[in-house]
Amino acid sequence: SASESTNASGRGSPANSTAASEEAVLTIVPQDKCNPNLWYIHGKPYDLHEFVPKHPGGQLAILSGRGRDCTALFESYHPWNDRHRKVLKAFGPEAPAPDPFYEEI
């Protein structure tokens, strides 16, 4: 298949689960479909080259996601607010909203 869907926890959704239908679905871009010069987050491509020198976590951190689906990497460091998604929007399509779980924290 062209993409694999998993729920926000990284596991496949059970077929008869009400909770699964309420969770965000992640779209994973297979490695062989990735442009080596782009970053893929939630199945969407971003050209972050201009942002690399400005990345607060350092260039190595952001460059480790180039050329592959780095949704898990992005979400593990940036799940709790909308600021990071606004940066992404400047370099490609709008990213999905943060997981509602983090609004309660």
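This is a predicted model: local features need pLDDT of at least 70, side-chain atom pairs count only at pLDDT 80 or more; totals for chains, interfaces and linings use all residues.
Charged pairs were examined first. Side chains of opposite charge can pair when their charged atoms come close. The count in this structure comes to 2 salt bridges. One of them joins Arg85 to Glu75. The closest N and O atoms of Arg85 and Glu75 are 2.6 Å apart. This pair links distant parts of the chain. Arg85 belongs to helix α4, which covers residues 83–89. Glu75 sits in helix α3, residues 71–77. The two partners are 10 residues apart. Arg85 has a relative accessibility of 4% and therefore counts as buried.

Lys89 and Glu94 also meet through their side chains in a salt bridge. Here the N to O distance is 3.8 Å. That value falls within the 4 Å cut-off, so the contact qualifies. Lys89 is partly exposed, at 49% relative accessibility. Glu94 is exposed, with a relative accessible area of 51%. The boundary explains the two labels: exposed means over 50%, so 51% qualifies for Glu94 while 49% leaves Lys89 partly exposed.

Cysteines were considered next. A disulfide is a covalent bond between the sulfur atoms of two cysteines. The search of the whole structure finds 0 disulfides. Cys34 is in no disulfide, and its nearest cysteine sulfur belongs to Cys70. The distance to that sulfur is 8.7 Å. Seen from Cys70, the closest cysteine sulfur is that of Cys34. At 8.7 Å the separation is too far for a bond, because a disulfide requires the sulfur atoms to lie within 2.5 Å. Cys34 is buried, with a relative accessible area of 12%. Cys70 is buried as well, at 4%.

Phe51 lies in the loop between β4 (44–46) and α2 (59–63). Phe91 lies in the segment after α4. The contact therefore ties together parts that are 40 residues apart in sequence. Phe51 is buried, with a relative accessible area of 16%.

Key
Residues are numbered from 1 along each chain as its sequence is written. Side-chain values use heavy atoms; hydrogens and water are left out. Helices (H or I, at least four residues) and strands (E, at least two) are DSSP runs, numbered from the N terminus. Buried means under 20% relative accessible area, exposed over 50%, partly exposed in between (1.4 Å probe, protein chains only).
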